[in-house]
Amino acid sequence: MRRREFVQRTSAAAVGAGALAAMPAGAAASRGRGRGPGRDTAPTAWPTATTQAKPWTRWWWLGSAVDDAGIAANLQAYRDAGIGGVEIQPIYGVKGNEAKNRAYLSPEWVAALDSTTRTASRLGMGVDMTTGSGWPFGGPWVADEDGAAKVLIERWTVAEGQRLSVPVRASNPPKNKPVPPLDRLVARAADGSTVDLTEKVGADGTLDAVAPAGGWELTAVFVGRVRMAVKRAAPGSEGVVIDYVSERALPNYLRRFDEALGGGSHGLRAMFHDSYEVGAANWTDTMVADFAQLRGYDVVPYLPEVAGQGDEETRARVRSDVRETFADLLLSRFTERWSAWNEQHGWRTRNQAHGSPANLLDLYARVDIPETESFGPSAFPIPGLREDPNYSTEDFGRPDPLVMRFASSAAHVEGKPLASSESCTWLAEHFHVSLSQMKPELDQLFAAGINHVFFHGTTYSPPEEAFPGLNFYASTEVTPQNTLWRDLPELTAYVTRSQSILQDGTHDNDVLLYFPQHDLWHTAADPLVPQFTVHGAEQWLHQHPTGFGAVATTIQDRGWQFDYVSDRMLDGIEAARGGLRATGGTYATLVVPGAKLMPLETLERLVALAKAGATVIFHRALPEDVPGLADLEGRRAKLAALLGEIRRAGRRTAVGTEHRLGWGRFLVADDVDRALATTGARREPAADLGLRVLRRSHDEGKHLFVANLGKEAVDGWVPVADAAASAVVLDPHDGARGIASLRRGRTTAVRLRLEPGESVFLRTFARRRVHGRRWAVAQDAGRAIALDGPWELRFLGRDGRVSAPRRLDALRSWTELGPDAEGFSGTARYTLRFALPRGARADEWALDLGDVRESARVRLNGRELETAWSLPFAVPAGDALRKGPNVLEIEVTNLAANEVRAMSQRGEVDWTRYYIVNITYETFDPKVWPPEASGLLGPVRLVPQRVPGGPFA
């Protein structure tokens with residue numbers, strides 16, 4: 001059960017505006033729990049809630065069939081529910097609604113955009129939009145030659161003294177499209193030499209050349225076009241995806257936005273780019289020249305290696321150079337150019353770099369708001385947490401906090417205040433997602449350094465649209481038509497309180513973990529240009545050839561506070577006071593996790609940092625070689641000389657081999673955890689208890705986010721890394737806060753109890769003793785009192801009518817109460833009259849609701865208690881409980897799934913009009929769903945609690 005801290009605990013009602021500073025407008029009034037947002041300067045205060053501290057949502061515009069009245073009504077509903085802003089995402093329309101569609105970027109569409117930003121500004125909300133429709137970037141104005149490109153390979157063998165008997169052309173060219181142009185034709189002779197024969201190819205494809213002694217192996221490289229269509233394109237934006245690494249494609253693409261939007265900002269905060277998903281793209285029409293400029297040698301003689309020929313080592317090095325070139329072009333020709341264009345218009349940039357064939361850190365580091373993604377359920381072992389049985393881990397994997405850290409690391413190292421996330425995507429089948437399933441996913445994001453969540457997502461739906469409103473696939477359906485909307489303000493208030501702290505102060509990570517990108521690129525295997533996707537992290541992160549995944553997992557599980565760093569990001573880091581200083585903060589040390597290949601410039605940079613006083617830890621060994629092919633022997637000689645200098649300064653220690661370099665050192669160690677303990681980095685020992693911990697700094701101490709995502713309760717003294725004179729516990733679940741009990745000695749510890757699924761913030765003060773009401777930890781104190789019934793049950797209709805009462809002698813699912821109840825989605829009120837047994841005593845009483853499907857508003861004797869919306873489902877009874885007769889009312893709201901199922905079985909909804917699919921990307925057919933258990937399933941119990949210092953303690 002949910003064991004809450006009761007006596008002496010400061011409730012939201014008691015502390016007034018401070019505790020509700022992060023509660024969205026409207027939420028406080030609906031709960032009757034105090035005043036609206038305000039600033040409390042007390043040491044126990046929540047930071048003032050800003051628009052950015054609230055959760056935002058991706059706003060699907062189906063066909064862009066929006067109007068001013070609908071925009072205003074939708075945004076008002078979102079604001080009232082605690083949502084701080086929207087990201088406009090225009091996509092395909094609704095069948096039969098075509099007359100209302102607005103063509104993307106038409107004057108009518110821009111007018112709708114302006115209506116949105118005006119209304120949002122009036123409501124105190126923010127607006128972002130995608131620089132495009134659907135994803136990736138593309139549209140009808142993208143010329144064929146600006147479309148994403150891929151290399152096409154043809155090979156022929158020509159015998160000695162013979163000519164090629166067929167034209168030099170790509171086989172199976174696309175019909176009614178330009179023939180893929182020849183980029184280069186090279187011939188490899190028997191002695192291994194190559195010659196460029198491109199100039200010998202006539203306009204008709206005839207090769208005017210005769211093979212020498214030993215014959216030729218010919219390799220032709222053509223510039224093909226991927227011709228990938230924009231996914232989920234809105235009307236007016238259907239077309240091909242751009243070539244992200246082309247010199248001309250992005251400027252040509254953005255010109256259409258300049259024409260449509262003009263020079264003004266249109267009230268937008270930021271432009272957004274969704275995850276890079278152009279899987280087949282691996283070339284561009286200037287690749288040969290770009291390669292020579294960036295890599296320092298001509299790739300033409302090595303085109304057979306690009307095509308998969310030659311010895312494995314040379315092939316791996318050449319292909320590594322191709323991959324690095326593509327990554328460099330993606331950074332310079334897309335990310336940096338797009339960011340500069342946004343800056344000219346006064347917009348910030350939000351970018352999902354994952355999926356890109358580049359070092360994700362470099363792409364994230366060049367935008368204002370790096371954004372990660374949380375896709376699918378994480379399978380936390382929290383008792384009672386359900387998972388959709390149809391979710392495919394084989395296809396989609398699990399959300400991975402180590403992947404999430406790529407976005408937050410770039411934000412931390414580069415000093416960017418926000419790191420965002422597309423959150424709760426495909427968490428379960430349509431209309432099957434509960435608030436209790438969303439919370440732990442958001443906690444995992446917070447613990448990974450994310451502080452600006454976007455729900456995925458919310459579909460614009462006209463107010464007159466009947467239940468269940470307009471819908472979009474892969475979405476959690478965070479919409480007013482969904483039944484979860486009734487208690488959504490509880491979740492948005494939780495997020496707002498949490499993010500008000502996570503956006504306050506600065507991060508306090510003190511370990512940098514080098515990401516060995518070149519070891520990933522150095523392979524002869526296909527694909528030529530691999531993508532680093534969220535769904536493929538098991539391959540590229542956890543099976544990284546250097547053991548990066550194992551090292552990162554160890555550091556995370558041991559509570560070290562860390563960020564990733566790339567080769568390029570190291571250029572902005574300096575040694576300072578025995579540690580490292582980046583734009584975004586200071587670090588105690590840097591860890592290199594088993595990199596076998598390292599650019600010479602990177603190792604030189606690490607040596608310089610060590611000589612200036614830094615400690616660099618190498619897991620197991622120093623690097624062995626340099627990546628790529630250019631001047632290979634020259635670079636190898638320099639690397640060997642540098643490694644020789646390092647090794648000459650080596651000596652064995654209890655931890656590993658230490659190499660003193662100037663004022664600092666390299667430390668080569670098998671045990672990274674032991675090595676980190678010698679550096680001045682501070683791990684959070686609460687991780688040893690199975691807790692997820694994130695640490696930030698404020699002016700007088702630290703903020704710690706502590707989440708229990710495990711299967712067992714944590715009850716006792718929870719240690720923290722930094723000494724503290726005092727500490728405050730802040731519960732984002734309901735805004736309560738109080739002065740923590742501290743135990744000081746060799747380490748500082750805070751007295752807490754966290755049930756599985758619970759989370760709190762700790763605010764520590766290094767020197768100041770703060771005072772106020774105590775945070776007292778309650779314990780069970782005797783046998784619980786079962787509240788068995790009989791219960792009175794009434795269903796509350798969406799039209800305001802209340803059903804006739806039903807008597808329940810025992811709690812059971814609505815699906816067992818007949819066809820009408822089985823097909824009901826919404827809210828029902830349970831009423832129970834009971835008397836507290838004579839002689840029952842406790843300092844406080846906890847009302848344990850047992851199994852709740854899915855959220856419950858609780859009133860006791862007419863007094864509103866907390867709403868139970870997350871695991872575990874229990875609320876404090878407080879002083880509402882009487883010694884004599886009591887009246888308990890519980891309003892339970894279930895999933896929308898059962899009514900959607902019933903409507904579908906009755907043939908009342910034509911789901912094909914939405915063009916949506918189910919969670920397995922097959923036909924969406926709610927008729928076949930089993931009914932979902934609904935209502936208060938219990939058992940419901942009153943649990944006596946004893947609190948230190950209480951009258952019965």
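This is a predicted model: local features need pLDDT of at least 70, side-chain atom pairs count only at pLDDT 80 or more; totals for chains, interfaces and linings use all residues.

Guide: Let's begin with an open sheet of 4 strands, in the order β5-β8-β6-β7, with antiparallel pairing. Strands here are DSSP runs (E, at least two residues), helices are runs of H or I of at least four residues, and both are numbered from the N terminus. Two strands pair if DSSP finds at least two bridges between them. The edges are β5 (149–158) and β7 (194–196), each of which pairs on one side only. On average, neighbouring strands of this sheet are turned by 20 degrees against each other, direction ignored. Axes are lines fitted to C-alpha atoms, for helices over the stretch in contact, and angles run from 0 to 180 degrees between N-to-C directions.

Residues are numbered from 1 along each chain as its sequence is written, and side-chain values use heavy atoms, with hydrogens and water left out.

You can find threonine 157 standing opposite glutamate 217 in β8.

From strands, let's turn to helices. Two packed helices are described by the angle between their axes and the distance between the axes. The axes of α6 (residues 287–295) and α8 (residues 312–345) come within 10 Å and cross at roughly 95 degrees. The two helices are therefore roughly perpendicular, a label for angles of 65 to 115 degrees (under 35 is roughly parallel, over 145 roughly antiparallel, the rest oblique). Among the residues that meet are Met287, Phe291 and Leu294 in α6, and Val318, Val322 and Phe326 in α8; contact means heavy atoms within 4.5 Å.

One last stop is alanine 828, in strand β38 (residues 827–835). With a relative accessible area of 0%, alanine 828 is buried (buried is under 20%, exposed over 50%, partly exposed in between, with a 1.4 Å probe and protein chains only). Leaving aside neighbours within four places in sequence, its contacts include Leu793, Phe795, Trp814 and Ile890. Aspartate 843 is 15 residues from alanine 828 in sequence and 31 Å from it in space, C-alpha to C-alpha.
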